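Colleague: Could you walk me through this protein, starting with the overall picture and then a few packed helices?

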Amino acid sequence: MPSTSTPPERLPGLDGLRALAIALVLAYHLFPGLAPGGFIGVDIFLVVSGYLITALLVHEHRTAGRIRLGRFWARRARRLLPALAVVVAVVCLTAAAIGGDVLVGIGWQLLGVATFSANWVAIAQGSSYLDGTSPELFRHAWSLAVEEQFYLLWPLALLVLLVLPRRWLRVTLPVGLAVLSAGGLAMLAGDPGVDPAAASAAYLSTLTHGFGLLLGAALALAIEPLGAPVSAAAAPRSRSGVLVDAAAVLAVAGLAALALVLAIDTAAAYRGGIASAALLTGALIVGLRHPASRTARIADAALLRWLGERSYGLYLWHWPVLVLLAAALPAVDRGGPEAWLLVLGALAISLVLTALSYRYIEQPVRRHGWRVLLGRGVLLRPRRIAVVAAAALAAVALVGGTTLAVIRAPERSEAAALIAAGQAALDGGLASAPAVPLRLPLDERRPSGPGTAPLPSGDRIVAVGDSVMLASAPQLQARFPGIAIDAAVSRQMRQATEIVAALDAAGALREYVVLGLGTNGSIDPQTLHDVRRLLGPDRALVLVSVQAPRGWIPGVNAHLSAFADDYRNVVLADWRAVIAPRLDLLAGDQVHPGSAGGRLYAGAIEDALQELADLPELVDYDANPELHRPR
């Protein structure tokens, strides 16, 4: 007898849950300061996908007595490939027209997209998911790859599981694998601030980021009986419904809290944060499928359902649209107030493209199969000609666009070239002059007047920084011959204490220390206090403000400015203020300076050093009673 259960794909509130997931992803990518932990939206998608796919397969097994794998994979292809092909074609054509950094590595990216192995391609290349030097157009395809690999392998494993006689046995395997996967993420990610490449590899790997899919699958096996399904007539008492709704609200609140407090560059995200998001999503699914759930009815509201149904297309479009729009408008300060216009424009364009794709591509192919592209069986003759012509044009655009993009792709990004030039300058030995003994203590200098005190020579300065300082190294060396520069890619402020301590132990600290960190993540003011303690009272500290189109930058600059205001021998070199009117002097990432920008960077440090040199003399009036204390 056929089952009368609600089809799994019509789980009440499912589209609302998808809407929540895509909203968090959009907030993370488009408005990073709004939801720094919005990346957990991907994990919501993964849990939902694991649950839905397993529920569909179990439903088919229960009603038909078997699982037709070929039909399942064909349905997945009709659901995923049409929209993806259109996105790739349009994006590649647009990127080829714009040129520059957006095409860097496009060949490898397309290989990953075409084979649904984008995550493994990125890992093999050593790419960092947090690396902002090259705006990869299809960086977000890693999650599609993880899902597709699951869709390929999980049905085969499920065929074996469904043979087992006990439900707890069927649930144990995916639960055990999910625990191993989450544990692997926690162990292999390490400290993202110290080794972002390792954290990125763990984050992208199917093996260590597949626990959401497995958890969803375990839920479907645990709460979808193979016998008679639960019906609305068997709804529990109202008190149970209230409890379920309360639990669902708490789960949503927990996901919102994680989106607000987690950061992808901190260990907490990998050591339980992402796994917690998966568990909360699982709890929410349980609540939504409860027959008496009012939360499900709220989640089925028209707007949420509209957004959830189109969430896949919106996920595909939003990221490359943002990257292309930023590349087409390089003068827009992506770290300033006008960035809102850029991201709102990207959101509007993405919504329009998503709606068109859903209406004219995804739904027709999903309902009528690939034959709709040939105009067979479902269209009148005039429309058949138009559809066939459109399909042929799309195929030409796909092949031509990808080919042109690969041909026009530069070997490396502008930022990467600038960083390499800076590293070459350091490797040339121009910054290797030995440290010299401390000169007179700062408080014993007697400048002749404001702005007239001699600047310290380069052999009295040591600079510690990240890739911005590395890109500016040739200009710093030219302005301060003999300066010692210790700069590296992806450094964060949390490493400053260790670096300064190592320089001190090696006798390489000098009288003036320039600290240029903060581009790659938020900072803890305590780190600045620790650095100052290591430097002692006889050394001066120059803090360099940061410029980057990233959500944590205003907070970093506020901390740096406040710290400099608190201490006499700490001065801010306001790189952000100097470069803000001249973003055209930066690479396309709006982070790394070219030659002219590097001169401005060195100039900002020079101004700060001049301010230190012009500090008035400190006088001990108690030790010198002949001097008159100012009134």
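Predicted model: local features only at pLDDT ≥ 70, side-chain atom pairs only at ≥ 80, totals over all residues.

Colleague: Among contacts with a separation of 6 or more, what share comes from residues 24 or more positions apart?

Modeller: Here the separation is counted along the sequence, and contact means heavy atoms within 4.5 Å. For residues 24 or more positions apart, the share of those contacts is 79%.

Colleague: Now to H7 and H8: are they roughly parallel or roughly antiparallel?

Modeller: Helix H7 covers residues 167–189 and helix H8 covers residues 196–204; their axes lie 8 Å apart at an angle of about 165 degrees. Angles over 145 degrees count as roughly antiparallel. Therefore H7 is, relative to H8, roughly antiparallel.

Colleague: And how many nonpolar residues take part in the contact of H7 with H8?

Modeller: From H7 come Leu 185, Leu 188 and Ala 189, and from H8 come Ala 198, Ala 199, Ala 202 and Tyr 203. No polar and no charged residues are found in this contact, and the nonpolar count is seven.

Colleague: Which helices do the buried residues of H8 pack against?

Modeller: The buried residues of H8 are Pro 196, Ala 199, Ser 200, Ala 202, Tyr 203 and Leu 204. Their packing partners are helix H5 (118–124), helix H6 (141–161), H7 and helix H11 (267–288).

Colleague: H11 meets H7 as well, then; which residues of H11 are in that contact?

Modeller: The axes of H7 and H11 come within 8 Å and cross at roughly 150 degrees, so the two helices are roughly antiparallel to each other. H7 contributes Ala 182, Leu 185, Ala 186 and Ala 189, which meet, in H11, Tyr 270, Arg 271, Ile 274 and Ala 275.

Colleague: How does that contact of H7 with H11 divide by class?

Modeller: Arg counts as charged, and Arg 271 is among the H11 residues here. The contact of H7 with H11 has no polar residues, one charged and, finally, seven nonpolar.

Notes. Residues numbered from 1 in each chain as written. Heavy atoms only, no water. Axes fitted to C-alpha atoms, helices over the stretch in contact; angles between N-to-C directions. Helix = DSSP H or I, 4+ residues; strand = E, 2+ residues; numbered from the N terminus. Parallel < 35°, antiparallel > 145°, perpendicular 65-115°, else oblique. Buried < 20%, exposed > 50% of the residue type's maximum accessible area, 1.4 Å probe, protein only.
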